[in-house]
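Here is a friendly walk through the model, written to be read with the structure open beside you. It begins at a hairpin and then moves on to other parts of the chain.

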Amino acid sequence: MSERYDCHYCKESLFGKKYVLREENPYCVKCYESLYSNTCEECKKPIGCNSRDLSYKDRHWHEDCFHCFKCSRTLVDKPFSTKDEQLLCTECYSNEYSSKCFDCKKTIMPGSRKMEHKGNSWHETCFSCQRCQQPIGTKSFIPKENHNYCVPCYEKQFAMQCVQCKKPITTGGVTYHEQPWHKDCFLCTGCKQQLSGQRFTSRDDFAYCLNCFCNLYAKKCASCTTPISGLGGSKYISFEERQWHNDCFNCKKCSVSLVGRGFLTERDDIMCPDCGKEI
């Protein structure tokens with residue numbers, strides 16, 4: 001007598017019937033599907049032994065149910081994406097959720113290289129200079145009025161030119177007499193030191209640092225012979241075409257300050273009235 005070969009679950013004979021092995025135990029088709037078949041995410045029916053079971057992240061579909069949520073095209077053996085647990089073909093996903101190029105307004109397909117700046121995206125070939133139309137790529141650029149410019153084109157079209165060297169001013173700069181200068185070009189006419197960030201004055205439309213201006217044009221104190229700048233509100237005394245620093249306007253003999261007091265003159269000297277009586 002031959003040995004019996006029964007379903008592991010219902011114990012019915014499997015001779016002459018289809019069966020499925022699971023962990024080396026045989027099951028009739030009915031028991032196997034009842035016990036172990038996965039439920040299709042799409043139609044909610046069991047995925048039987050005679051159907052291909054397609055799975056993705058612990059979810060299962062019949063082969064005929066594995067299709068794009070939007071266009072219903074089959075996704076079997078094709079690339080796909082998911083959004084809110086819905087299956088989408090690459091084209092539908094791109095149309096619905098991928099970035100749109102700021103220039104041509106077309107979809108930037110997943111996997112293609114894109115350029116981004118301040119929340120906007122471009123195809124690599126669309127991210128170009130508005131003036132020369134050449135792709136910018138990873139080079140430096142300057143945005144202006146919703147357009148992008150490579151640095152050379154921006155300088156040619158928009159940057160002010162320095163009055164001194166005639167080259168574009170791209171950062172910083174100084175305005176003097178309503179004309180633009182590079183900081184490195186705005187120099188004292190006398191000593192050629194940079195004037196940006198320090199006090200200066202001018203004569204005949206030429207700029208001078210205070211030292212050079214005083215040395216060249218300021219009158220000399222009759223007492224100490226150093227220049228009297230008169231700049232910044234500093235006070236000085238003037239008498240008969242001679243000038244003195246306030247601190248230098250003192251009696252020649254007793255050195256008392258004569259500012260706001262009467263005084264006498266003796267040749268080139270000035271004296272207080274008391275010392276003048278002794279002459």
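Predicted model: local features only at pLDDT ≥ 70, side-chain atom pairs only at ≥ 80, totals over all residues.

## A hairpin to begin with

Start at Lys 144, whose bridge partner in S10 is His 147.

Is Asn 146 buried or exposed? Asn 146 is exposed, with a relative accessible area of 66%.

## A second hairpin, covered on both faces

Now move to strand S3 (residues 53–56), which pairs with S4 in the antiparallel sense over four bridges. Within this pairing, Ser 55 stands opposite His 60 of S4. S3 and S4 make a hairpin with two residues between them, and Lys 57 in the turn has a positive phi of about 50°.

In a regular strand, side chains alternate between the two faces of the sheet. Which residues cover the two sides of strand S4 (residues 59–62)? On one side are Arg 59 and Trp 61, on the other His 60 and His 62, and all four are buried. Each of them is therefore under 20% relative accessible area, the cut-off for calling a residue buried.

## Another positive phi

Glu 178 is worth a look too: its phi is positive, about 60°, although it is not a glycine. Glu 178 lies in the loop between strand S13 (174–176) and strand S14 (179–181). With a relative accessible area of 78%, Glu 178 is exposed.

## Salt bridges

How many salt bridges does the structure hold? There are eight. One of them joins Arg 52 to Glu 63, with the closest N and O atoms 3.5 Å apart. Arg 52 lies in the loop between H1 and S3, while Glu 63 lies in the loop between S4 and strand S5 (80–83), so the pair ties together parts that are 11 residues apart in sequence. Both partners are partly exposed: Arg 52 has a relative accessible area of 39%, and Glu 63 is at 30%. Salt bridges with shared partners also join Arg 52, Glu 63 and Asp 77 into one network.

Glu 91 and Arg 73 form another salt bridge, and here the closest N and O atoms are 3.3 Å apart. Glu 91 belongs to helix H2 (residues 90–97) and Arg 73 to the loop between S4 and S5, so this pair ties together parts that are 18 residues apart in sequence. Glu 91 counts as partly exposed at 44% relative accessibility, and Arg 73 does too at 43%. A further salt bridge brings together the side chains of Glu 116 and Lys 114, at 3.3 Å from N to O. Glu 116 counts as exposed at 56% relative accessibility, whereas Lys 114 is partly exposed at 34%.

Which residues make the nonpolar surface patch of about 410 Å²? Tyr 5, Phe 15, Tyr 19 and Leu 21 do. Of these, Phe 15 is found in the segment before strand S1 (19–22).

## Domains and distances

Finally, step back to the whole chain. An unreviewed UniProt entry lists residues 38–98, 99–160 and 219–279 under "domain: LIM zinc-binding". Over residues 38–98, the chain is 13% helix and 26% strand, and the end C-alpha atoms are 33 Å apart.

The domain assignment of the protein gives domain 1 as 99–158 and domain 2 as 236–278. How far apart are the centres of domain 1 and domain 2? Taken over C-alpha atoms, 75 Å separate them. For another distance, return to Arg 52, which is found in the loop between helix H1 (29–36) and S3. The C-alpha atoms of Arg 52 and Cys 153 are separated by 61 Å, and the two residues are 101 residues apart along the chain.

Notes:
Residues numbered from 1 in each chain as written. Heavy atoms only, no water. Pairing = 2+ DSSP bridges. Patch = residues over 30% accessible without salt bridge, like charges linked within 9 Å, V, L, I, M, F, W, Y side chains within 5 Å. Areas by Shrake-Rupley, 256 points an atom, 1.4 Å probe, with all protein chains shown as cover. Salt bridge = Lys/Arg side-chain N within 4 Å of Asp/Glu carboxyl O. Buried < 20%, exposed > 50% of the residue type's maximum accessible area, 1.4 Å probe, protein only. UniProt positions renumbered as here; feature names shortened; annotations may be inferred. Domains from an automatic or database assignment.
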